[in-house]
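Please open the model in your viewer and keep the selection tool at hand. The stops below are given in the order in which they may be selected.

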Amino acid sequence: MKTLVLILTLIATPVCFAKGKGGFSIGVVLGLTSTGDQTDIITLISDANTRVGGISTSKMSSGLEYSGFWSYRFSGSMVALQLRPSYFSFSETGSDGASNPYNYEVSGFTIFPVLRFNVLESKIFKFFVNAGVGWGFVNGTVTEAAVKVEYSGNAMGSLAGLGAEFCFAGTSHCMTVEGNLRYLPIERTTVDAVTGAPAAIHTGTALNGEYEINNSDVGVSLSGIMGSVGYTYYF
(Lines give C-alpha, C1' and ligand atoms only; values in the text may rest on other atoms or scores of the structure.)
Protein backbone atom coordinates (compact mmCIF):
# COMPACT_ATOMS: atom_id res chain seq x y z
CA MET A 1 0.00 0.00 0.00
CA LYS A 2 2.78 2.43 0.89
CA THR A 3 4.50 1.64 -2.43
CA LEU A 4 1.30 2.37 -4.34
CA VAL A 5 0.87 5.72 -2.55
CA LEU A 6 4.45 6.66 -3.42
CA ILE A 7 3.97 5.79 -7.10
CA LEU A 8 0.73 7.79 -7.28
CA THR A 9 2.44 10.74 -5.60
CA LEU A 10 5.24 10.69 -8.17
CA ILE A 11 2.75 10.56 -11.02
CA ALA A 12 0.71 13.40 -9.57
CA THR A 13 3.72 15.63 -9.00
CA PRO A 14 4.41 17.85 -12.03
CA VAL A 15 7.64 16.91 -13.81
CA CYS A 16 9.30 19.38 -16.16
CA PHE A 17 12.53 20.22 -17.89
CA ALA A 18 14.62 21.59 -15.06
CA LYS A 19 15.20 25.30 -14.56
CA GLY A 20 15.60 25.26 -10.82
CA LYS A 21 16.71 27.94 -8.41
CA GLY A 22 20.40 28.34 -7.82
CA GLY A 23 22.24 27.44 -4.65
CA PHE A 24 24.83 25.31 -2.90
CA SER A 25 24.77 21.70 -1.80
CA ILE A 26 27.14 19.23 -0.19
CA GLY A 27 27.03 15.46 -0.03
CA VAL A 28 28.69 12.11 0.50
CA VAL A 29 28.72 9.06 -1.78
CA LEU A 30 29.61 5.39 -1.22
CA GLY A 31 30.23 3.25 -4.28
CA LEU A 32 31.44 -0.07 -5.60
CA THR A 33 33.83 0.22 -8.54
CA SER A 34 34.79 -2.53 -10.97
CA THR A 35 38.55 -2.93 -11.47
CA GLY A 36 38.73 -5.45 -14.28
CA ASP A 37 41.53 -3.65 -16.16
CA GLN A 38 44.29 -4.45 -13.63
CA THR A 39 46.17 -6.53 -16.21
CA ASP A 40 49.65 -6.07 -14.73
CA ILE A 41 48.53 -6.82 -11.17
CA ILE A 42 46.76 -9.96 -12.39
CA THR A 43 49.98 -10.96 -14.21
CA LEU A 44 51.92 -10.64 -10.95
CA ILE A 45 49.35 -12.75 -9.10
CA SER A 46 49.34 -15.41 -11.83
CA ASP A 47 53.15 -15.55 -11.91
CA ALA A 48 53.37 -15.89 -8.12
CA ASN A 49 50.73 -18.63 -8.22
CA THR A 50 52.77 -20.59 -10.79
CA ARG A 51 56.18 -19.88 -9.24
CA VAL A 52 55.27 -20.74 -5.65
CA GLY A 53 53.03 -23.63 -6.52
CA GLY A 54 49.66 -22.21 -5.50
CA ILE A 55 48.62 -19.10 -3.56
CA SER A 56 45.17 -18.22 -2.23
CA THR A 57 45.13 -14.67 -3.63
CA SER A 58 42.23 -13.98 -6.01
CA LYS A 59 42.29 -11.83 -9.12
CA MET A 60 41.42 -8.19 -8.49
CA SER A 61 37.86 -7.43 -9.60
CA SER A 62 36.23 -4.65 -7.54
CA GLY A 63 36.72 -2.28 -4.62
CA LEU A 64 35.09 0.38 -2.49
CA GLU A 65 35.23 4.09 -3.26
CA TYR A 66 34.27 6.93 -0.91
CA SER A 67 33.41 10.39 -2.26
CA GLY A 68 32.36 13.77 -0.99
CA PHE A 69 31.24 16.73 -3.09
CA TRP A 70 30.51 20.41 -3.07
CA SER A 71 28.12 21.71 -5.71
CA TYR A 72 26.72 24.99 -6.99
CA ARG A 73 23.70 25.20 -9.27
CA PHE A 74 23.31 28.24 -11.48
CA SER A 75 20.03 30.10 -10.99
CA GLY A 76 17.41 29.50 -13.66
CA SER A 77 19.50 26.75 -15.23
CA MET A 78 19.64 22.96 -15.31
CA VAL A 79 23.44 23.09 -14.88
CA ALA A 80 25.33 22.54 -11.61
CA LEU A 81 29.08 22.58 -11.14
CA GLN A 82 30.35 19.95 -8.74
CA LEU A 83 33.80 19.35 -7.25
CA ARG A 84 34.14 15.70 -6.28
CA PRO A 85 37.18 14.21 -4.50
CA SER A 86 37.20 10.48 -3.78
CA TYR A 87 39.28 7.85 -1.99
CA PHE A 88 39.50 4.31 -3.34
CA SER A 89 41.04 1.04 -2.17
CA PHE A 90 41.25 -2.09 -4.32
CA SER A 91 43.08 -5.06 -2.82
CA GLU A 92 43.44 -8.81 -2.86
CA THR A 93 45.17 -10.72 -0.07
CA GLY A 94 46.27 -14.31 0.34
CA SER A 95 49.13 -16.61 1.26
CA ASP A 96 51.11 -19.62 0.13
CA GLY A 97 51.27 -23.06 1.74
CA ALA A 98 53.74 -21.78 4.34
CA SER A 99 51.43 -18.88 5.33
CA ASN A 100 53.67 -16.25 3.68
CA PRO A 101 51.61 -13.23 2.58
CA TYR A 102 50.89 -12.53 -1.09
CA ASN A 103 49.02 -9.22 -1.05
CA TYR A 104 48.34 -6.73 -3.87
CA GLU A 105 46.88 -3.28 -3.24
CA VAL A 106 45.93 -0.31 -5.40
CA SER A 107 44.75 2.73 -3.42
CA GLY A 108 44.73 6.51 -3.71
CA PHE A 109 42.40 9.34 -4.59
CA THR A 110 40.82 11.24 -7.48
CA ILE A 111 39.56 14.78 -7.88
CA PHE A 112 37.02 15.59 -10.59
CA PRO A 113 35.23 18.81 -11.50
CA VAL A 114 31.86 17.53 -12.76
CA LEU A 115 29.08 19.21 -14.71
CA ARG A 116 25.70 17.91 -13.60
CA PHE A 117 22.74 18.50 -15.92
CA ASN A 118 19.39 18.22 -14.10
CA VAL A 119 17.42 17.10 -17.13
CA LEU A 120 14.05 16.44 -15.49
CA GLU A 121 12.81 17.31 -12.01
CA SER A 122 9.89 17.74 -9.70
CA LYS A 123 9.68 18.77 -6.05
CA ILE A 124 10.74 15.33 -4.88
CA PHE A 125 12.56 13.85 -7.87
CA LYS A 126 15.49 14.80 -10.11
CA PHE A 127 16.98 12.95 -13.06
CA PHE A 128 20.52 14.07 -13.95
CA VAL A 129 23.45 13.42 -16.25
CA ASN A 130 27.12 13.76 -15.19
CA ALA A 131 30.21 14.62 -17.26
CA GLY A 132 33.67 15.49 -15.96
CA VAL A 133 37.42 15.53 -16.50
CA GLY A 134 39.82 15.09 -13.59
CA TRP A 135 42.97 13.54 -12.16
CA GLY A 136 43.78 10.31 -10.32
CA PHE A 137 46.67 9.57 -7.96
CA VAL A 138 47.58 6.01 -6.99
CA ASN A 139 49.75 4.42 -4.30
CA GLY A 140 50.17 0.66 -4.42
CA THR A 141 52.02 -2.19 -2.78
CA VAL A 142 53.02 -5.66 -3.94
CA THR A 143 53.87 -8.03 -1.09
CA GLU A 144 55.26 -11.46 -1.96
CA ALA A 145 56.49 -13.30 1.14
CA ALA A 146 59.47 -11.24 2.43
CA VAL A 147 59.46 -8.97 -0.63
CA LYS A 148 57.58 -5.67 -0.74
CA VAL A 149 57.48 -3.11 -3.56
CA GLU A 150 55.77 0.25 -3.07
CA TYR A 151 54.90 2.33 -6.14
CA SER A 152 52.92 5.41 -7.17
CA GLY A 153 51.63 7.21 -10.26
CA ASN A 154 49.05 9.66 -11.59
CA ALA A 155 47.17 10.52 -14.78
CA MET A 156 44.23 12.46 -16.20
CA GLY A 157 40.91 10.83 -16.98
CA SER A 158 37.22 11.42 -17.63
CA LEU A 159 33.83 10.21 -16.44
CA ALA A 160 30.22 10.22 -17.60
CA GLY A 161 27.05 8.84 -16.11
CA LEU A 162 23.51 9.39 -14.94
CA GLY A 163 21.43 9.09 -11.83
CA ALA A 164 18.36 10.06 -9.87
CA GLU A 165 17.81 12.06 -6.69
CA PHE A 166 14.88 11.55 -4.33
CA CYS A 167 14.15 14.36 -1.88
CA PHE A 168 12.04 14.22 1.25
CA ALA A 169 9.03 16.48 0.69
CA GLY A 170 9.44 19.94 2.20
CA THR A 171 13.06 19.40 3.26
CA SER A 172 16.56 19.97 1.91
CA HIS A 173 17.58 16.33 2.41
CA CYS A 174 17.90 14.00 -0.59
CA MET A 175 19.07 10.48 -1.38
CA THR A 176 20.94 9.80 -4.62
CA VAL A 177 21.48 6.74 -6.78
CA GLU A 178 23.88 6.99 -9.69
CA GLY A 179 26.08 5.07 -12.09
CA ASN A 180 29.20 6.45 -13.75
CA LEU A 181 31.68 5.12 -16.27
CA ARG A 182 35.23 6.34 -15.58
CA TYR A 183 38.19 6.13 -17.96
CA LEU A 184 41.44 6.65 -16.07
CA PRO A 185 44.37 4.35 -16.95
CA ILE A 186 47.72 5.06 -15.25
CA GLU A 187 50.15 3.49 -17.70
CA ARG A 188 53.41 4.14 -15.81
CA THR A 189 54.27 3.96 -12.11
CA THR A 190 57.38 4.83 -10.10
CA VAL A 191 59.10 2.74 -7.42
CA ASP A 192 58.98 4.43 -3.99
CA ALA A 193 60.49 1.66 -1.83
CA VAL A 194 61.73 -1.92 -2.12
CA THR A 195 62.25 -4.52 0.61
CA GLY A 196 63.93 -7.85 -0.12
CA ALA A 197 64.92 -9.34 -3.49
CA PRO A 198 61.97 -9.36 -5.95
CA ALA A 199 61.39 -12.35 -8.23
CA ALA A 200 62.77 -12.38 -11.77
CA ILE A 201 59.50 -11.09 -13.25
CA HIS A 202 60.24 -7.73 -11.59
CA THR A 203 62.67 -6.32 -14.17
CA GLY A 204 62.58 -2.71 -12.96
CA THR A 205 62.61 -1.94 -9.24
CA ALA A 206 65.26 0.79 -8.97
CA LEU A 207 64.29 3.37 -6.34
CA ASN A 208 62.58 6.37 -8.01
CA GLY A 209 62.77 4.57 -11.36
CA GLU A 210 59.96 3.14 -13.44
CA TYR A 211 58.37 0.00 -12.04
CA GLU A 212 58.59 -2.77 -14.65
CA ILE A 213 57.66 -6.42 -15.03
CA ASN A 214 58.86 -8.49 -17.99
CA ASN A 215 60.64 -5.34 -19.26
CA SER A 216 57.36 -3.41 -19.60
CA ASP A 217 56.02 -0.56 -17.48
CA VAL A 218 53.67 -1.58 -14.69
CA GLY A 219 50.37 0.19 -15.12
CA VAL A 220 47.22 0.23 -13.02
CA SER A 221 43.73 1.34 -13.86
CA LEU A 222 41.11 3.46 -12.16
CA SER A 223 38.78 2.84 -15.09
CA GLY A 224 35.53 1.03 -14.49
CA ILE A 225 31.83 1.19 -13.79
CA MET A 226 30.92 2.87 -10.49
CA GLY A 227 27.58 2.17 -8.87
CA SER A 228 26.88 4.34 -5.83
CA VAL A 229 24.37 5.67 -3.34
CA GLY A 230 24.66 9.00 -1.54
CA TYR A 231 23.15 11.78 0.52
CA THR A 232 22.80 15.44 -0.48
CA TYR A 233 21.97 18.47 1.62
CA TYR A 234 20.84 21.72 -0.05
CA PHE A 235 21.36 25.05 1.67
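Begin by selecting Glu178, which counts as buried because its relative accessibility is 6%; buried means under 20% relative accessible area, exposed over 50%, and partly exposed in between, with a 1.4 Å probe and protein chains only. This is a predicted model, in which local features need pLDDT of at least 70 and side-chain atom pairs count only at pLDDT 80 or more, while totals for chains, interfaces and linings use all residues. Residues are numbered from 1 along each chain as its sequence is written, and side-chain values use heavy atoms, with hydrogens and water left out.

Arg84 belongs to strand 4 (residues 79–92) and Glu178 to strand 8 (residues 173–183), so the pair ties together parts that are 94 residues apart in sequence. Helices (H or I, at least four residues) and strands (E, at least two) are DSSP runs, numbered from the N terminus. Arg84 is buried too, at 10% relative accessibility.

Next, select Lys126 and Glu165. Here the closest N and O atoms of the salt bridge are 3.6 Å apart. The pair links distant parts of the chain, with Lys126 in strand 6 and Glu165 in strand 7 (residues 147–167), 39 residues apart. Are these two residues buried or exposed? Both Lys126 and Glu165 are buried.

Move to Arg51 and Glu144, whose side chains form a salt bridge of 3.3 Å, N to O. Arg51 sits in helix 2 (residues 39–52) and Glu144 in strand 6 (residues 125–144), so this contact joins parts that are 93 residues apart in sequence. Arg51 is partly exposed at 38% relative accessibility, whereas Glu144 is buried at 5%. Include Asp47 in the selection to display a network of salt bridges linking Asp47, Arg51 and Glu144. The count of salt bridges comes to eight.

Now display helix 2 by itself. Its 14 residues should span 20 Å at 1.5 Å a residue, and its end C-alpha atoms are 20 Å apart, which agrees; the expected span is 1.5 Å times one less than the number of residues. Which residues of helix 2 are buried? Among them are Ile41, Leu44, Ile45 and Ala48. Just after helix 2, select Gly53, which takes a positive phi of about 100°.

The next stop is the one disulfide found in a search of the whole structure, the term meaning a pair of cysteine sulfur atoms within 2.5 Å. Select Cys167 and Cys174, whose sulfur atoms are 2.0 Å apart. The torsion about their S-S bond is about 95°, so the disulfide is right-handed. Cys167 is buried, with a relative accessible area of 11%, and Cys174 is buried at 1%.

Finish at the loop between strand 12 (212–213) and strand 13 (216–217), where Asn214 lies. Most residues other than glycine have a negative phi. Asn214, although not a glycine, has a positive phi of about 50°, and Asn214 is partly exposed at 48% relative accessibility. Asn215 is found in the loop between strand 12 and strand 13; its phi is positive, about 65°, although it is not a glycine. Asn215 is exposed, with a relative accessible area of 62%.

Key:
A salt bridge is a side-chain nitrogen of Lys or Arg within 4 Å of a carboxyl oxygen of Asp or Glu.
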